[in-house]
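Which side-chain contacts hold the eye in this model? The report below goes through charged pairs, ring pairs and charges over rings.

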Amino acid sequence: MLQDQFNVSMNHVQAMSILISTFHHGKDPSAIDQRTFARYTERTAFERPLTSFVAYAVRVLHSDREEFEKAQGWKIKRMDTIEETPVPKDDYDLEGQEPSPVQEEYAPVIFAQDTISHVVSLDMLSGKEDRENVLRARASGKGVLTAPFRLIKTNSLGVILTFAVYNKDLPPNATPEDRIEATDGYLGGVFHIESLVEKLLQQLASKQTIVVNVYDTTNWSHPISMYGSDVSEDFLAHVSTLNFGDPFRKHEMRCRFKQKAPWPWLAITTSIGILVIALLVGHIFHATVNRIAKVEDDYHKMMELKKRAEAADVAKSQFLATVSHEIRTPMNGVLGMLHMLMDTDLDETQQDYVRTAQDSGKALVSLINEVLDQAKIESGKIEIEAVQFDLRAILDDVLSLFSGKSQEKGVELAAYISEHVPEMLIGDPGRFRQIITNLMGNSIKFTEKGHILVTVHLVHEVINSIDAEMEAATGSTLSGFPVPDRRLSWAKFRTFSQEGPVSPVPTSFSNPINLIISVEDTGIGIPTEAQSRVFTPFMQVRPSISRTHGGTGIGLSISKCLVGLMNGEIGFVSIPQVGSTFTFTAVFDDGCSISKECKGQQVKGRGDSGAASEFHGMKALVVDTRSVRANVSKYHIQRLGIHVEVVADLNQCLHAIQSGNARTDIVLLEWEIWHKDSGLSASFLDKLRDMKPRVSPRLFLLSNSIGSSRMSGATADATGPFVIMKPLRASMLAASLQRVMGVGNRISCSNGESPSLYLRNLLRGRKILIVDDNKVNLRVAEGALKKYGADVVCTESGEKAIALLRPPHNFDACFMDIQMPGMDGFEATRRIRLMEKTLSEELLLGESSSEPRQNISSFHLPILAMTADVIHATHEECTKRGGKANTFSDGREGRAGLFCSRGSILARVVAIEAGFSGDAAILPVD
């Protein structure tokens, strides 16, 4: 018991040393003074059952002594004179003590318990016992005990336990020199030997029958008596070793009975104890049986609740599918009919009305999509696909989506992807596009001037360039407007800390690619008080936002969930009236590792533009004073295989054209530079026109505003200037250069047909069956396919579709609605595949007299599913039937395989032209 209580006291003293290190030395000014220390030690005395007093001495170097004494208001006193000539308790006078002699360092007491406040200002290093104790404590890093000595003022025998207080965390293998250097002070706990043993005896209630002696046996030949008087050795003594935490000092306790033990009472006590134990065991057994029965009852109740929850989840999913289908189906009809109406002869007012209705319908579909996505997130039904996709093409598509808005506002919109990012990735392109669209949509919505820039890098690129970014000039931005420090948007990402990524990378990824994507804008920013709820669903910055700019307030919430499913993180930094930067990470697989042709493209830095070979070997000069904007332009031009150099002004450009070894074919100049100095621009253009036609490069102006192309169109000749509207995209840039440079064709048309005529004949000669129970959707799909020259047959049920598709037949493809009354699309497809399989087997065995179609020994009609569902179970059902959800290429040989190779084009054309917001999928069921 004595050992346990001492351990408790020692642990609390050590805890106090940490408290002093944190709140006295770690705070400026200190949060602890003498009054606070005295009150705290008085109130926590019960936690140190064997400690009589506690005091703290601070380490003071001789160079700091004068300043320290001035701050404390007293002189550092010496202790050795008090130890040599103890004085009675009432005669003790601290003011009369001599100052501590000059030495390298001192340890004056600055905090003490009220009962020993007389030791304040005494130098512990001037006392023999205390000095030895202090020096051992700070060198070892452990609690150290003194030998027994007479305490000041009380003149009673006691020992002091000392802990060193350090100013930093030290490793376990720290050297004594390191510990001495890190020492801030010393915390001492005083143990009054006589009182602590008296307390122990009172607790045992055996003071009259037991004699206790405590010895310091560090010197075994001359033990020091710490408690008790000499007694005869007539009775059996019990010797116990005491460990007070100091391995250097050894202690033991000897206990003896004054008289023989009362054996009868011992037997009675033992019997009663056994009886009590038996009763306790019986009670525990009874309680255990009851507990087991209760756990079983709770288990049955939980299983019942689990079944109910699963049934509710299924009902919710079914409700979600039904709502999705029932809302999207009429909306598809509305949007499809509006699109078909736009192809008719309408005046400008009527066209404006139709466009307004289309925009409203698309806004409603977008709202439905967001609400359904949020419902899927809450029910845990949303999943991530793993398909190969082109990241650069996706960003080009998103830029095209917002190009009209940015040009209307005059806001510069741009994207930049690092050359280290692979050309092809494996992941979920649809969800990635959704995240980018949400972030860029917010930026477009709240930005009236300046720029919006999307950047994509590898995470390790950013980590390695953090120091360089810190040294770079903050004023170098895309538009010249100030932006927040983008590093703050990812400051809390675990990817950049020692904790590692948020979640483990999927094991299916053979070569994981960790991307970091930033969307930077110079908009109105987010108020500081609203930044904490940015990712909260259905929360707006302020009520007026939804009325002014629209939106539901769940786009960022959905984006955060999708980023988490992609094993990434999302964060932002925003400064009101300056702008915002949203950054997220996402993990994909390297699609180039399974695509041989991608590797060659990646080396040259161009793989997403089909027209790259037409411009190979050309040289372009980009004239721009802003490095960021110049790099963006250079990135897009290099995607076409063009060699690019950047110059800062027109004079440097002209010098590079005239003195360069290689011919310069293209000059791309920022619109603001062209109009900054009209005289210099005119002179530059004249010099270009004076050059020989074969040497003179084409001049292009890069502009954000729609009116720019009209202003310069009248002055352009064979040399230029020609206007290219931003945002830059590979396909748009290639088309503009092809038109002016006279290379290639913008669309590969057969027999020299015009693009519009070619599209109208895209499906000529193809017979397509559409199966849908909704008459409006039938009309929309029929009109969309006929627009491209297809021969369309419509039917409204699965039974009729089976009759029409009984092989052999002349249909080239079938669009099948999944959800139909009676026989649904899955069952109809299963039966069609069964008929095809039967006929194919008969053809192989020569049992069928039917004449097969041209050189095809087996029928396998491409069937594309049409659905307005957003439930993943629909795609799982497609896969279970033997198909590949969201895959529009079968790759089989023969006529069916040839048409199927165009299936992706057909499916996308129908999805866009007919306004289908659901997914399309081929469902080959074997």
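## Side-chain contacts

R486 and E520 form a salt bridge, with their closest N and O atoms 3.4 Å apart. A salt bridge here is a side-chain nitrogen of Lys or Arg within 4 Å of a carboxyl oxygen of Asp or Glu. The pair links distant parts of the chain: R486 sits in the loop between α12 (459–471) and β17 (512–521), E520 in strand β17, 34 residues apart. Helices (H or I, at least four residues) and strands (E, at least two) are DSSP runs, numbered from the N terminus. Both R486 and E520 are buried. Buried means under 20% relative accessible area, exposed over 50%, partly exposed in between (1.4 Å probe, protein chains only).

This is a predicted model: local features need pLDDT of at least 70, side-chain atom pairs count only at pLDDT 80 or more, and totals for chains, interfaces and linings use all residues. Residues are numbered from 1 along each chain as its sequence is written, and side-chain values use heavy atoms, leaving out hydrogens and water.

The salt-bridge count comes to 29. Three of them are set out here.

| Pair | N to O distance |
|---|---|
| R486 and E520 | 3.4 Å |
| D396 and R639 | 2.8 Å |
| E670 and K726 | 2.8 Å |

E670 and K726 are buried. Both belong to a network of salt bridges that also links E412, D624, R626, R629 and E672.

D396 and R639 meet in a salt bridge. D396 is in helix α10 (residues 391–409), R639 in the loop between α16 (627–638) and β21 (643–647), 243 residues apart. D396 counts as buried at 9% relative accessibility, and R639 at 1%.

Now the rings. The whole structure holds 11 aromatic pairs. Rings of Phe, Tyr and Trp (its six-membered ring) pair if their centres lie within 6.5 Å; planes under 30 degrees apart count as stacked, over 60 as edge-to-face and the rest as tilted. Y56 and F111 are stacked, because their ring centres are 6.2 Å apart and their planes at 25°. Y56 lies in strand β1 (residues 53–58) and F111 in strand β4 (residues 109–112).

Ring pairs also link F389, F432, F584 and F588 into a cluster.

Finally, R65 lies over the face of Y106, 4.7 Å from the ring centre. Such a charge has NZ of Lys or CZ of Arg within 6 Å of the ring centre and within 35 degrees of the ring normal.
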